[in-house]
Amino acid sequence: MEPKEQSKEKKEKLWFWNWVIASVIFRLVLIYFPKNLNLASRPEVSTPLTSLRRLAEGYWLKQLSMYPYAGSMYHGSPLLLSLLGPLTVKRIEGQPDHLLCSLVFVIADIVNAMLIRATSQNLQMEYTRSLKLLDHVKLSEKPGKIIPSGDIAALVYLWNPFTIVACVGLSTSPIENLAIILSLYGACKRQAPLAAFGWVIATHLSLYPAILIIPMILLLGYGPDTPPRKLFLQRRNVEVGDNPPNDRCEREEVVHRPELPHVFSWRPVIHFLCWTSLWSVYVLVLCGISVKQYGGLWELFKRTYGFMLTVQDLSPNIGVLWYFFAEVFDFFRNFFLIVFHGNILFMMLPLAIRLKHRPCFLAFVYIAISSMLKSYPSVGDSALYLGLLGLFVNELADMQFSFFLFCGYVGVSLLSPVMHNLWIWRGTGNANFYFATAMAYACLQIILVVESVSAMLNHDRTLRKPLTELQDGKN
């Protein structure tokens, strides 16, 4: 049996790496396609914050000793400008423009997929261990019941059309996604320096990942996702009922075994906060040096984070804020800015209380919500949370409306360019045509979040049912 199992594992690994290599080749083919299908000009792919063309313009201004944030072209990170800017001006004769930047984005996608795979392996180990602790032996040992979610999640991320389009369309989204996934990987591994570095860089690049501080603390304190703690306590009570201990001390010892999950540890959290402070100071110092002659950090914050929060650029995108603030009266503008951004904050605490035992899944929910309500969303944001959704393929196996959501995402992806073309280029439509697809896209994301949370909670109830029946049978 062992040689057969080893050969089967080798075939599975070979199958996985073949698909990874094929995804790289597919990206390179699209990069060499004439003008990259003009994806860099698509509003679904490039936003004022993620467009490489705007970054190249900002670097050109910097090379001329001008303020890179002059006008309304570039509003991204000065560190990203220093790293990717030199690559935008280098040309290789006979090769596509921005080839070096495209290769960087391809590498970032591959690293993202490998980090997602490694994160999933940690989650799956904890999932199997939890099932054994709950005495769900049949479910934990039956190979067909637990799907290798790491390979699935990595391939879903690599072959997701949104990921491919963001990579080939010269968007900096793969870099932002790399920082977020790196922080989650570090938190799952309980490596505080790595988690803090990823979180600080992600927040610096996009600001919205700042809300991930709650899942990060829960991951570092509790560890990877497990069923609710009360299920393990219920299981211990059943064991105590089967083999009643002699005294109270033995009973407490059985209930509070060291293997019991969800014992919060403050030590990695404190390390994380210390490293977060250290990395934050380091990033602020580097940013201060970069913009010292252009007004300092305050001017930088106004041009970057202020630009994100006040929604100054009303060019069309796949979000809903551009249309709303184009129509709303200026008198009410500040009020609705608070409402839209406050919605993200208002949902943080209730979700954290309900899903504290599944911090990685909580991070997925936060990312999906912020991708829906952020000021300048792109398909790169959707690529991230759809890739993370694959981490929970076992828990969400019974999720409802899966086929409807799949068809909806396909339909919106096809209709959005058509409606934009009818409005902007052919003049046979208007802004409502394009905004209708944005509204449909937002509704799909809402359904995805609601149904995934519901499916996860139902999964926890399913794990509790055998314990309840066993306890009732004892009584």
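What follows looks at the salt bridges and then at one helix.

Keep in mind that this is a predicted model. The structure holds nine salt bridges, and the table shows some of them.

| aspartate 313 | arginine 54 | 3.4 Å |

Let's start with arginine 54 and aspartate 313, which form a salt bridge. This pair links distant parts of the chain, 259 residues apart: arginine 54 sits in helix 2 (residues 52-63), while aspartate 313 is in the loop between helix 15 (305-310) and helix 16 (321-327). Both residues, arginine 54 and aspartate 313, are buried.

Aspartate 460 belongs to helix 22 (residues 431-474) and arginine 358 to the loop between helix 18 (348-354) and helix 19 (359-373), so the bridge ties together parts 102 residues apart in sequence. Aspartate 460 and arginine 358 are buried too.

Lysine 302 is partly exposed, at 45% relative accessible area. Along with Arg303, Glu299 and Lys302 are linked in a network of salt bridges.

Now for helix 7 (residues 161-168). How many of its eight residues are buried? Six of them are, including Phe162 and Val168. Asparagine 160 caps the N-terminal end of helix 7, with a side-chain oxygen 3.0 Å from the backbone nitrogen of phenylalanine 162. Just after the helix, leucine 170 has a positive phi of about 55 degrees.

Conventions
Residues are numbered from 1 along each chain as its sequence is written. This is a predicted model: local features need pLDDT of at least 70, side-chain atom pairs count only at pLDDT 80 or more; totals for chains, interfaces and linings use all residues. Side-chain values use heavy atoms; hydrogens and water are left out. Buried means under 20% relative accessible area, exposed over 50%, partly exposed in between (1.4 Å probe, protein chains only). Helices (H or I, at least four residues) and strands (E, at least two) are DSSP runs, numbered from the N terminus. A polar contact is a pair of N or O atoms within 3.5 Å; within protein, one must be able to donate a hydrogen and the other to accept it, and residues adjacent in sequence count only if both atoms are side-chain atoms. A salt bridge is a side-chain nitrogen of Lys or Arg within 4 Å of a carboxyl oxygen of Asp or Glu.
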